[in-house]
Amino acid sequence: AYAREGEVTKSAKARGSDLRTHFKNMRETAMAIKKMELAEAKKYLEEVIAMRRCIVFRRYCGGVGRTAQAKNEGSTNGQGRWPKKSAEALLGILKNAESNAEVKGLDVDSLSVYHIQVNRAVQQRRRTYRAHGRINPYMSSPCHVEVILQEATEAVKKEAENPRRIGAKEARRNAARLKNGSTNA
């Protein structure tokens with residue numbers, strides 16, 4: 001089950017489980033493409049892989065270096081990286097969701113990232129050998145990712161509101177005038 005459901009007829013889903021890519025990197029990459037149009041998101045991830053644009057690190061930013069590219073992506077702290085493995089995995093999930101949308105008969109050009117979520121998966125355990133014969137854990141931090149793409153819906157224009165609100169007493173008076181045929185309303 002997905003954390004959030006899109007409109008069934010206008011959305012397509014894809015997910016990846018137990019991906020061997022760091023949770024923190026994947027989370028920052030996912031937040032960077034949230035609410036983007038599909039074509040724009042794919043282009044952005046390809047540019048991240050080619051190191052022409054960076055992923056801004058907002059939450060998990062301890063010890064992350066600063067780069068001039070982060071300013072262009074709307075960073076407030078200048079911290080950014082190029083998480084290649086996460087970007088490639090996310091690009092694969094987006095392409096899977098896109099082909100799911102094609103099978104459903106959706107308009108691929110009007111799709112955007114409606115929902116994207118990254119969760120921590122069960123850590124895998126290895127060991128590293130330390131000084132004086134000790135052993136420490138050497139854990140991996142895999143993640144689960146789920147994406148929902150949805151067709152853009154045309155916004156319905158709101159009807160122009162009456163600038164002056166009429167009270168109940170005045171409404172009754174107006175109704176009586178109309179009934180009697182009075183013209184000085």
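Tutor: In this predicted model, helix α1 (residues 23–33) packs with helix α4 (residues 84–104) at an angle of about 50 degrees, their axes 9 Å apart.

Student: Which crossing does α1 make as it passes α4?

Tutor: A right-handed one.

Student: Which residues of α1 and α4 meet?

Tutor: From α1, they are Asn 25, Met 26, Thr 29, Ala 30 and Ile 33. From α4, they are Ser 86, Ala 87, Ala 89, Leu 90 and Leu 94. By class, seven residues of this contact are nonpolar, three are polar and none is charged.

Student: Now the salt bridges. What makes Arg 15 and Glu 146 a salt bridge?

Tutor: Their closest N and O atoms are 3.4 Å apart. The cut-off is within 4 Å, so the pair counts.

Student: What does the pair of Arg 15 and Glu 146 tie together?

Tutor: Arg 15 sits in strand β1 (residues 11–19), and Glu 146 sits in strand β7 (residues 143–151). The pair therefore ties together parts that are 131 residues apart in sequence.

Student: How do you know whether Arg 15 is buried, partly exposed or exposed?

Tutor: Its relative accessibility is 40%. Buried means under 20% and exposed means over 50%, so Arg 15 is partly exposed.

Student: And why is Glu 146 called buried?

Tutor: Glu 146 has a relative accessible area of 5%. That is under 20%, so Glu 146 is buried.

Student: How do you know that Glu 28 and Arg 27 form a salt bridge?

Tutor: Their closest N and O atoms lie 3.3 Å apart. That is within 4 Å, so the pair qualifies. Both Glu 28 and Arg 27 are buried.

Student: What about Lys 43 and Glu 47?

Tutor: Their N to O distance is 3.7 Å. That is also within 4 Å, so they form a salt bridge. Both lie in helix α2 (residues 38–49), four residues apart, about one turn of the helix.

Student: Why does Glu 47 count as buried?

Tutor: Its relative accessibility is 15%. The limit is under 20%, so Glu 47 is buried.

Student: Which residues are linked with Lys 43 and Glu 47 in a network?

Tutor: Arg 53 and Glu 73 are linked with them by salt bridges.

Student: How many salt bridges does the rule give?

Tutor: The count is eight.

Conventions. Residues numbered from 1 in each chain as written. Predicted model: local features only at pLDDT ≥ 70, side-chain atom pairs only at ≥ 80, totals over all residues. Heavy atoms only, no water. Salt bridge = Lys/Arg side-chain N within 4 Å of Asp/Glu carboxyl O. Helix = DSSP H or I, 4+ residues; strand = E, 2+ residues; numbered from the N terminus. Buried < 20%, exposed > 50% of the residue type's maximum accessible area, 1.4 Å probe, protein only. Axes fitted to C-alpha atoms, helices over the stretch in contact; angles between N-to-C directions. Left-handed = near helix turned anticlockwise from the far one by under 90°. Contact = heavy atoms within 4.5 Å. Nonpolar A, V, L, I, M, F, W, Y, C, P; charged D, E, K, R; others polar.
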